Amino acid sequence: MAAQISQLSLFPSELPSGLAYVADFVPQAEALELAQQIDARPWRDELKRRVQHYGYRYDYKARQARREDYLGPLPDFLQALAQRLHDEGHFSRLPDQVIVNEYLPGQGISAHVDCCPCFGDVIASLSLLSPCVMQLQHVRNGEVAALWLEPKSLLILSGPSRNDWTHAIPARRSDVMGGQKHLRGRRISLTFREMRFH
C-alpha cells in the first residue's frame, strides 16, 4: 500500500506551503536495516553530532558543496531510496547527495535554510529510530511552527517551506507533544538533495 501524505501534529494547524509529510514511508524492517547499513560505515565527528556524507561532501565552514567535493556514487542502499523518491515524483531529477545525521538525546541542529546555491528545489529527509520535534520559522515575518517527526516518516520541503522557512531540531533530551513529555532516543536522519552547480 502506498504511503499516504498527511497533515499531522503541527502548531499552528497549517503546514508551511510546500511542506509535505509522509508517514511510514518505509516499513519497520527496512528502517532497521537502513540503520544497520549506516552504522556499518564510518562516521565523521567534526561536529557536535556524527555525520556521514554521500555523493558530495558538504563543507560546513564554507557552507557549500562543489563539483570537486564529489565522493563517488551513492551506495546501493541509498541509491534505491533516491530512485524511489524520484519515481514517486518528489524529485524531478535523481537525488545525488545525502547527508546522514545522528542525534543522541540532547543533540540538535541550529535553525538554517539548506544552501540554495548548492542544492536543488527539494529537500527530503527520512527519520529513523526515534521521534522528535522540528521547529520551523519564517525568515521574514517570524511565524513559527513545530512538526512532530515520527520514525520511518519522510519530510519533504519545497517551495516556500524550503526557501522561506528555517528548520531546526532543538538540542534537548525530551519533547512535549500533545501535552505529553516524550524522552528522546537515538535518531538518525537521511537527507536527500540534488546538487546544483552554476
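Residues are numbered from 1 along each chain as its sequence is written, and side-chain values use heavy atoms, without hydrogens or water. Because the model is predicted, local features need pLDDT of at least 70 and side-chain atom pairs count only at pLDDT 80 or more, while totals for chains, interfaces and linings use all residues.

**Stop 1: helix 1**

Select residues 28–39, which form helix 1; helices (H or I, at least four residues) and strands (E, at least two) are DSSP runs numbered from the N terminus. The 12 residues reach 17 Å from first C-alpha to last, close to the 16 Å expected at 1.5 Å a residue, where the expected span is 1.5 Å times one less than the number of residues.

Now colour Ala31, Leu34, Ala35 and Ile38, which are buried (under 20% relative accessible area; exposed is over 50%, partly exposed in between, with a 1.4 Å probe and protein chains only). They sit on the same side of helix 1, because they cover an arc of only 100° around the axis, taken from the directions from the helix axis to the C-beta atoms. To see what covers the buried residues, show strand 3 (51–54), helix 2 (76–87) and strand 4 (97–103), among others.

**Stop 2: the largest pocket**

Next, select Arg49, Tyr60, Ile109, Ser110 and His112, which lie nearest the centre of the largest pocket among its 27 lining residues. The space here is about 660 Å³. On a 1 Å grid over the protein atoms alone, a pocket is an open set of points with protein on both sides within 12 Å along at least five of seven lines, a cavity is a set where a 1.4 Å probe fits but cannot get out, and lining residues have an atom within 4 Å of a point. Grid points are joined across faces, edges and corners, and a volume is the space filled by probe spheres set on the points.

Strand 5 (109–112) and strand 10 (165–169) are among the strands that each supply at least two lining residues.

**Stop 3**

Which residues line the largest cavity? Select Tyr103, Leu104, Pro105, Gln107, Cys132, Ile169, Arg184, Gly185 and Arg187. The volume of this cavity is about 40 Å³.

Finish at Ser130, in the loop between strand 6 and strand 7 (132–138). Ser130 is buried, at 5% relative accessible area. Its contacts (heavy atoms within 4.5 Å) include Arg184, Gly185 and Arg187.

How values were computed
Lists of a residue's contacts leave out its neighbours within four places in sequence.
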